[in-house]
2 protein chains.
Amino acid sequence: MKRTGYCGLYREKDVGKTETVMGWVQTKRDMGGVVFIDLRDREGILQVVFDIANLTEEDFATAETLKNESVVAVSGLIRLRDEETLNPKLATGLVELKATQVQLLSEAHPLPFAIEDQTPVREELRLKYRFLDIRRPQMLRNLRFRHQVQKAVQDYLDGDGFLAVETPLLTKSTPEGARDYLVPSRVHESCFYALPQSPQIFKQLLMVGGVDKYYQVARCFRDEDLRADRQPEFTQVDMEMSFVEQEDILQHLERLFKHLFEQTLGICFDEPFLRITWQHAMDVYGTDKPDIRFGLPIVDVSDIASSCGFSVFRNVMEAGGAVRAINVKGGADFTRTVIEELTQKAVSYGAKGMAWIAVKPDGELYSILTKYLTAEEMDAILKAVDAKPGDFVLFCADQLDTVRRTLGALRIDIAELLGLRRKDDFKFLFVTDFPQFEYSHEAGRYVATHHPFTMPYPEDVQYLTDDPARVRAQAYDVVLNGVELGSGSMRIYQKEVQQKMFEALGFTAEQIEDSFGFMVNAFQYGTPPHGGFAFGLDRLVMLMLGEDSLRQVIAFPKAKDASCLMTNAPDEVDLAQLKVLGITTGEW
Amino acid sequence: MKRTGYCGLYREKDVGKTETVMGWVQTKRDMGGVVFIDLRDREGILQVVFDIANLTEEDFATAETLKNESVVAVSGLIRLRDEETLNPKLATGLVELKATQVQLLSEAHPLPFAIEDQTPVREELRLKYRFLDIRRPQMLRNLRFRHQVQKAVQDYLDGDGFLAVETPLLTKSTPEGARDYLVPSRVHESCFYALPQSPQIFKQLLMVGGVDKYYQVARCFRDEDLRADRQPEFTQVDMEMSFVEQEDILQHLERLFKHLFEQTLGICFDEPFLRITWQHAMDVYGTDKPDIRFGLPIVDVSDIASSCGFSVFRNVMEAGGAVRAINVKGGADFTRTVIEELTQKAVSYGAKGMAWIAVKPDGELYSILTKYLTAEEMDAILKAVDAKPGDFVLFCADQLDTVRRTLGALRIDIAELLGLRRKDDFKFLFVTDFPQFEYSHEAGRYVATHHPFTMPYPEDVQYLTDDPARVRAQAYDVVLNGVELGSGSMRIYQKEVQQKMFEALGFTAEQIEDSFGFMVNAFQYGTPPHGGFAFGLDRLVMLMLGEDSLRQVIAFPKAKDASCLMTNAPDEVDLAQLKVLGITTGEW
């Protein structure tokens, strides 16, 4: 028997055709003399009717004893369903296959869970039996959608002159960044390869090599503890371009993402993507990856607070802190319970408490602040946050980073509470002008926010040595619905600027040579101005599908402890394998 | 200054346009008051003219002091070249850019080698400075061609309903096959991931999961000693299909390869690919990967030899060996030196010598055999190999495998000698019906020729236990010009057959459970008939480009000792990195 078509694709126009389909038995109903099965393949479900009158005894017996998820081949005639069995919910709901022949290809034992989207199954079980989990329509849809996104990326970049170049996965451990996965070398004693955290070095060298426009759907690795949106191995769409400026790259990215959404979801963005600076993002949204599906901007009321009658505010300002507020339009009817919840969240984010003002519809103010503020001070604050009757204003007074963190997070909580974060509402945002350095208390020095090859703005180069905190980088993120999709930057290509950068990072000449000598060396043979970007494919697909976990869009993901519950990797290996590598495990 | 076009793309139609180009200085000629440079970018070379009359003093000084491989931006007017400077060999040879402005973007130090295809450079130096080597037109062409082949693969398979699914690179060590690269786990004590030798297990599980048609441009790893056509990491195009038979897969592969060649090289194959069995390949070509660009078939003359007057032949036959011959049409004029060379090669392949007959154009026979064979015996042999005046017949008499190896290799040597192996002559071949098992003297048992999940022909299942050597597998290779591009097979999907297979391989029940339990378990929940194929992308691209080394088609390849001469990977790492992994290096 030879398959002639997919179950899920038969329609009214196929009535009268003799066809052979193959797939899995989704359900069976034995009506005595007539057996109905729903047969499932990648494309959907087709009703198959086995009538004792039309089949050999043996074939009917096969049909009668079919088990769920057994694999069968069935030949027969496509015909219209009887009136009473029409199923408008099914794409094939008008037709059915009247079987004339059936062959059991593979009998299924009872499954650990039913192959249905509706069945709730523990994720551990789904991961252990991933080969069954993938049969569920939602997982198959996700894998197929991922394929479509990847193909759209490849098509677009190919059409735009980007060359797909593969870079090594067995490479060298880098001194900065996350923890590397290491691979012992059998040939070189006591030496290790590292799996790449990104193809950063290689893509820059491809620019030195004149490739001009590069991309790669690249597998990357980070040996860090996992979260819902992290996996030890992940896939990024990695790009680099020569002879461009930041503006060229931003425009390129905007075209790319617009193309992807139109191509795969049919969503068109008419407006240009919003662009804000890192400083603006931190001030107005309290985070460098703002969710701009909703407003709820953070407003600075420090000026008023510093001289007001509320000592908590005053004290914070005297200690060099800040007082900022969010006006929740129409939030005046928040219940005590809601307000209490928000306050507890504020505390969990590091605030000491949460002051608030409810402006009742009749203009009456509910707030502890009425006790402490003069009418003028209150007016000034309400005016600053544009509070009208019906609004709810909440405050955070603390050191700046705590204020940002707290209000940034509360902003999300409130939007969630108000239903302002629809998963099918997609809002892109460019965040630009990241600071070149951030101070690491751990390292006791400034470290690169992006990486040491990121280009500062020319006008800020003068501050590299004396005032590093002031230096803005030509670095940018693409943020979608509050999630950082990816980041990029222009790269330093002038030796003198690179030298200053290393000095600002506190490297000695020897450290520069040891850690970066190879790269610096490469750049002295004629290096084009270049810059690039990389975004997480897994993460993008997750957002596009409205899924909450990367594991929903990866065929064989790792569990939280970086293990594969299906294959039981990582696992013990033969000692002989370790011996040939010259490594031992155990006590240190 | 903003780039308006690629150097290599300007033509007569662009004359009169004001343009800005950016690239590398290939050469400079200073004619006093006029400086000519050839400016190179990814697309080619454009002549740029700096005339002191048209430039600021500063800009002309910049032009005068340009060094080879420095990076510049130049604006100016595209104009026709003067008659005497026309260069028909160059795509841009009719035009030039008359510069009005120039900016030095990056000054180049003297390079370790010139950026020209013609310059001979030691490969070690090329690999160390790979970022410069890539600037050479041939390497850039190779990388671009590889991109085109990869894109054509993706387009074809996408259009044919294959889903691209990514499978894990951090996975589990497999008991059979080549040596694995291991990755120590930080979280799971004394446990290791393995980098995959192929996605075999995962792609079969995707079929269990109902994906139906899968492909992946997959990175694979083998920790083996390198040869010119091996790299520790390599890229294969990996495919698997459900509900198909071998014939469907062979037809699919033929369509795919024909599409690739037409799409990227413009070569159309009108004839179907030749198909021969493994047995036929071994008998007629002495190898399972015959080069069929030429004839030179091997002919079995054992029957005649077993009773002839030449004791060497007779003795070999009595010892259970074989006597086979190749007729080199028109080879009767081989010189003594050539014949001596061929004889030495035969010995190097394991033969004890090489008997031969030269049939001179006048019909006279030159051969030591004339002393021992009767005229009838000689006639019979010459007839068997269809020798005519002008031909040269060579013999190998030994145990069968030595005969095959020797004549298979001599066949290639002779074709090389006669110039029958043109690199732009592409001949595809399917080799089918591989033996299911081969006897491993090392393991002292039969091992799977392909892998333990390969499906035997149904009619041969009966021999699994008692006569394993007789079992033919539904396994097939695609061979191109004597190179194995890839291999595939139908897979076992019935539990009983799998059980017999493991028994034939001599596994105990415990070993089956330990090594394959996970896979066998998966197959009990309804498994579709399925099969697949994988081919080496690096190798295909190498052949298509007529290159002799995989390193010519990989951006950043490893050297023979599996090291990267550019980054110096593998390398020593911080002890702290090993400590966190709980491993130590050193004495065993």
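Predicted model: local features only at pLDDT ≥ 70, side-chain atom pairs only at ≥ 80, totals over all residues.
## Where the two chains pair up

Ile583(A) stands opposite Thr585(B), a residue of strand E23(B).

## The rest of the interface

There's a lot more contact to look at. On chain B, 122 residues are in contact with 122 residues of chain A. Putting the chains together buries about 10900 Å², and carbon and sulfur atoms give 60% of that area.

As for charges, the count between chain B and chain A comes to 16 salt bridges. One of them joins the side chains of Asp223(B) and Arg186(A), at 3.1 Å from N to O. Which helix of chain B gives the most to the side that touches chain A? That's helix H4, residues 137–159, with 10 residues. Sorted by class, the side of chain B that touches chain A has 62 nonpolar, 30 polar and 30 charged residues.

## A barrel in chain B

Now for chain B by itself. Here 5 strands close into a barrel, in the order E1-E2-E3-E5-E4, with mixed pairing. From one strand to the next, the twist averages 55 degrees.

Take E2 (residues 34–41) and E3 (residues 44–51) of chain B: they pair in the antiparallel sense over 8 bridges. Within that part of the chain, Phe36(B) has Val49(B) in E3(B) as its bridge partner. Helix H1 of chain B, residues 57–64, lies across strands E1, E2, E3 and E5, and runs at about 90 degrees to E5(B).

Technical notes. Residues numbered from 1 in each chain as written. Chains lettered and ligands numbered in written order. Heavy atoms only, no water. Contact = heavy atoms within 4.5 Å. Buried area = accessible area lost by both parts, 1.4 Å probe. Salt bridge = Lys/Arg side-chain N within 4 Å of Asp/Glu carboxyl O. Helix = DSSP H or I, 4+ residues; strand = E, 2+ residues; numbered from the N terminus. Nonpolar A, V, L, I, M, F, W, Y, C, P; charged D, E, K, R; others polar. Pairing = 2+ DSSP bridges. Axes fitted to C-alpha atoms, helices over the stretch in contact; angles between N-to-C directions.
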